[in-house]
Structures are given as C-alpha cells and as structure tokens.
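My entries follow in the order in which I looked things up.

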Amino acid sequence: ADIIGLQEVRRLLDNREGHPVTRGHYTLFHTACDVLPPKSTPNLGVGIMVRTALVPTIISIRLLGPRLMAAKFRGVQRDLTVHLGHAPHSRAPSEDSEAFYTSFSEALSEGNEMDTKVVLIDANKGPGEWRTGREHIVGPHGIPYAEKDVDNDPNYWWFHAFCHNRDMCVGSTWFQHKVSQKLTFDADGIRNEVRASYPRDSREW
C-alpha cells in the first residue's frame with residue numbers, strides 16, 4: 001500500500017513534518033493524542049503512513065485534533081485528498097458524536113471540488129449488510145451487523161447519516177474480501193472495520 005491510515009497513534013505531540021518508520025520505507029505523520037491527566041495512558045491520535053518515495057507529492061498536511069487529519073497529494077490529472085477520522089464510541093455522549101461529524105463534514109467541504117477525496121475512518125461501527133434504501137452507500141459485500149440492535153446504537157445512525165449527506169459509499173462493501181480482512185475485535189465482540197470511499201461521484205464505478 002502507498003498510503004495507510006492509522007487510529008490510536010497515542011503520540012503526545014503533533015507531527016506534520018513526518019519521520020521515517022519501517023526502516024525508512026514509510027514516513028509517519030500524526031496528530032497529538034487527547035489531553036489527559038498526568039501519568040494516564042495516552043488516548044486517540046490519528047496518523048497516516050506514506051510510502052517515502054511519495055512524500056515529495058504531499059501538498060499539505062492538516063492536523064485537526066486528536067480525531068481528525070487530512071493530507072493532500074499532487075496528482076497527474078487531479079489532486080488526491082485523504083481524510084482520516086476516528087469517531088467516538090457508541091457510549092459517548094451524543095454531543096461528542098455531533099461535534100465530530102460536524103467537524104468532519106466541514107473539513108470535507110473545504111478544498112477544491114475537483115480533487116479526488118478518500119475517507120479512512122474508524123466509525124466504531126460497521127455498515128452491516130442491509131441495503132434497502134441505501135444501495136448507493138452499502139455495496140453487495142457487506143457482512144451481518146454483529147453487535148447490538150441498530151435501533152439502540154447511535155453510532156450506526158450517525159455514520160450512515162454522514163455517508164448519505166456527503167454522498168459517500170462504504171468502499172469495502174463494494175468488493176469481495178476475506179472475512180478476516182473485514183473484521184476487528186474489541187472488548188464487546190466483533191465489529192466491521194469500515195473504509196469509506198469518497199469519489200467525486202460515488203455512483204461512478
């Protein structure tokens with residue numbers, strides 16, 4: 001992969017200059033973790049690993065807090081902007097989720113409309129396989145919704161409203177993958193690892 005999105009980087013300081021990792025094959029850029037009490041474990045922070053040979057194509061790195069960042073790359077015909085996000089968990093106050101998705105939407109609205117935009121997000125919720133009325137968002141290769149009932153999970157609805165309002169599709173559900181490549185595990189069970197693609201027109205394939 002040329003570009004890899006990371007969550008829970010847990011670094012204490014912002015890093016927009018980048019530093020080499022994996023024996024110099026990649027360069028890591030990241031936001032600072034959340035502000036925490038002394039001696040507590042660092043939390044949050046998102047980052048992006050870019051193949052070092054592609055670093056000269058970076059136009060800008062925007063660090064937007066412990067949950068958001070964006071990187072813009074120079075392209076041949078159009079530029080590429082990669083947005084990274086890490087949504088609050090389902091037990092977080094609704095105000096936190098609203099603030100996160102509002103900030104994310106504002107970040108996506110900025111920049112050149114002709115850019116190709118890709119979103120890499122840990123939505124703390126998978127898209128499921130239900131497609132009725134959402135055929136333009138969820139593709140045919142989703143997996144069963146694995147946690148609690150969707151009616152009682154605000155993260156599910158926050159994420160799908162975000163995709164609908166931004167005309168986004170969940171890229172990982174449009175192509176077949178091994179099940180092991182589509183799941184992550186946490187203390188509460190199994191959840192999807194969500195990768196949301198944001199082409200200029202999400203219906204063009």
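The entries below concern a predicted model.

Entry 1: I found 4 strands in an open sheet, ordered 1-4-3-2, with antiparallel pairing. The edges are strand 1 (3-6) and strand 2 (15-21), each of which pairs on one side only. From one strand to the next, the twist averages 25°. I then examined the pairing of strand 1 with strand 4 (residues 47-51): the two run antiparallel and are joined by 4 bridges. Within this pairing, I noted Gly 5 opposite Ile 48 of strand 4.

**Entry 2: the hairpin.** I turned next to strand 5 (residues 58-63) and strand 6 (residues 68-73), which are antiparallel and joined by 5 bridges. They form a hairpin with 4 residues between them. In the turn, I recorded a positive phi of about 115° for Gly 65. Leu 63 stands opposite Met 69, a residue of strand 6.

**Entry 3: salt bridges.** How many salt bridges does the structure hold? I recorded 4, and I describe some of them here.

One of them joins the side chains of Arg 51 and Asp 2, at 3.0 Å from N to O. Because Arg 51 belongs to strand 4 and Asp 2 to the segment before strand 1, this pair ties together parts 49 residues apart in sequence. Arg 51 is partly exposed at 30% relative accessibility, and Asp 2 is partly exposed at 42%.

Another is formed by the side chains of Glu 110 and Arg 62, at 2.5 Å from N to O. It links distant parts of the chain, 48 residues apart: Glu 110 is in the loop between helix 1 (94-109) and strand 8 (116-122), and Arg 62 is in strand 5. I noted Glu 110 as partly exposed, with a relative accessible area of 43%, and Arg 62 as partly exposed, with 27%.

I also found a salt bridge between the side chains of Asp 115 and Lys 72, at 3.2 Å from N to O. Asp 115 lies in the loop between helix 1 and strand 8 and Lys 72 lies in strand 6, so the pair ties together parts that are 43 residues apart in sequence. Asp 115 counts as buried, at 5% relative accessibility.

**Entry 4: His 83.** Is His 83 buried or exposed? I located His 83 in strand 7 (residues 80-86). His 83 has a relative accessible area of 2% and is therefore buried. Apart from neighbours within four places in sequence, His 83 is in contact with Met 69, Ala 70, Phe 104, Ala 107, Leu 108, Val 118, Val 119 and Leu 120.

Notes
Residues are numbered from 1 along each chain as its sequence is written. This is a predicted model: local features need pLDDT of at least 70, side-chain atom pairs count only at pLDDT 80 or more; totals for chains, interfaces and linings use all residues. Side-chain values use heavy atoms; hydrogens and water are left out. Buried means under 20% relative accessible area, exposed over 50%, partly exposed in between (1.4 Å probe, protein chains only). Contact means heavy atoms within 4.5 Å. Two strands pair if DSSP finds at least two bridges between them. Axes are lines fitted to C-alpha atoms, for helices over the stretch in contact, and angles run from 0 to 180 degrees between N-to-C directions.
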